[in-house]
Amino acid sequence: MELGGLPVETDVWHGVWISVARRLGTPGTVSALLPAFEAHARVFHPAIRYDGDDDVEVSWAEIAGHTGTRAHRLMQWHTVTGSWGAQPSELLAAVWDDGPAEGHLPVPVAARLADVLARHTTTPRDCFFGRWDGYGFDLPDPESPPRLLLRGNHDMVLVRGEVADAVRNLAPEPHEQSANLWWPADQAWCVVTDIDLTSTYVGGSAACIDELLRTPGLEVHPAHPGDSVAFAADTLNPLPGNR
């Protein structure tokens, strides 16, 4: 069996170190998503503005500049836009058309991220990718393949490829779904795109995270294991009203 053209990995033991770390982490924080590393980062999924046939990426910082809110590492999409709505307000209609992808790492962002991460592992040609089994898609048999069991019913089906395969679509057309979890065989770093979040978290060496923070085309802030990932995590910008 394959997902996105990659063979399904039947030995889920390769991911048990992540499963154990997540179970020991504090619920609702980065520590419940990622194992502890020397450093951590949060990669924000961009919003999209349509320009003819082109999709233009719009950073959260740009939107914060329009709304008078503060861009910082704990910001949330609703606190930056000032709205719980999925569509932009009249004020922001010229700034963005589609909000950041939830639970999915856009291909251009995945490519930039993978390019950096490939330089920070000794096994760039041996990488594991996990896709949440709750999407269903092309998994007709609930008993096969085996899943990597993760807390909160976030169990994953694993495939194996190389770091550059982070751009692959792990769902059949017309669906589009990135890996929700990926790491190299040498466990030098780990990437999590949680199914409920509009940002991706990365743990790795200090050098790895420092390069991510300086990479053009990525909106990245440092993260810490104790950082909240909840809707109310932003303590600098107010929550929108009337939810």
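Which residues line the second largest cavity? In this predicted model, the lining is made up of Arg-22, His-154, Met-156, Asn-180, Val-192, Thr-193, Asp-194 and Ile-195, and the legends below begin with this view.

**View A. The second largest cavity and its lining.** The second largest cavity has a volume of about 30 Å³, and the residues around it, among them Arg-22, His-154 and Asp-194, divide by class into three nonpolar, three polar and two charged. Met-156, one of the lining residues, falls within the range of strand β7, residues 156-161.

**View C. The largest pocket.** The largest pocket contains about 380 Å³ of space, and among the 19 residues that line this pocket, those closest to its centre are Trp-77, His-78, Glu-102, Thr-198 and Phe-231. Helix α3 (77-81) and strand β10 (199-204) each contribute at least two residues to the lining, which by class comprises eight nonpolar, seven polar and four charged residues. Trp-77, named here as one of the residues closest to the pocket centre, also belongs to an aromatic cluster together with Phe-44, Trp-60 and Trp-96.

**View D. An edge-to-face aromatic pair between Trp-17 and Phe-37.** A search of the whole structure finds nine aromatic pairs, one of which joins Trp-17 and Phe-37 in an edge-to-face arrangement, with 6.2 Å from centre to centre and 80 degrees between the planes. Because Trp-17 lies in helix α1 (residues 16-24) whereas Phe-37 lies in the loop between α1 and β3 (39-44), the pair ties together parts that are 20 residues apart in sequence. Phe-37 has a relative accessible area of 17% and is therefore counted as buried, the cut-off for that class being under 20%.

View E. Strand β6 (residues 127-132) is mostly covered, with six of its six residues buried.

**View F. Cysteines without a disulfide.** The structure holds zero disulfides. Cys-190 takes part in none, and the nearest cysteine sulfur, that of Cys-127, is 9.4 Å away, whereas a disulfide would need the two sulfur atoms to lie within 2.5 Å. Cys-190 is buried, with a relative accessible area of 0%. Cys-208 is likewise in no disulfide, the nearest cysteine sulfur being that of Cys-190 at 11 Å, and at 1% relative accessibility Cys-208 also counts as buried.

Conventions. Residues are numbered from 1 along each chain as its sequence is written. This is a predicted model: local features need pLDDT of at least 70, side-chain atom pairs count only at pLDDT 80 or more; totals for chains, interfaces and linings use all residues. Side-chain values use heavy atoms; hydrogens and water are left out. Rings of Phe, Tyr and Trp (its six-membered ring) pair if their centres lie within 6.5 Å; planes under 30 degrees apart count as stacked, over 60 as edge-to-face and the rest as tilted. Helices (H or I, at least four residues) and strands (E, at least two) are DSSP runs, numbered from the N terminus. Buried means under 20% relative accessible area, exposed over 50%, partly exposed in between (1.4 Å probe, protein chains only). Two strands pair if DSSP finds at least two bridges between them. On a 1 Å grid over the protein atoms alone, a cavity is a set of points where a 1.4 Å probe fits but cannot get out, and a pocket is an open set with protein on both sides within 12 Å along at least five of seven lines; lining residues have an atom within 4 Å of a point. Grid points are joined across faces, edges and corners, and a volume is the space filled by probe spheres set on the points. Ala, Val, Leu, Ile, Met, Phe, Trp, Tyr, Cys and Pro count as nonpolar, Asp, Glu, Lys and Arg as charged, and the others, Gly among them, as polar.
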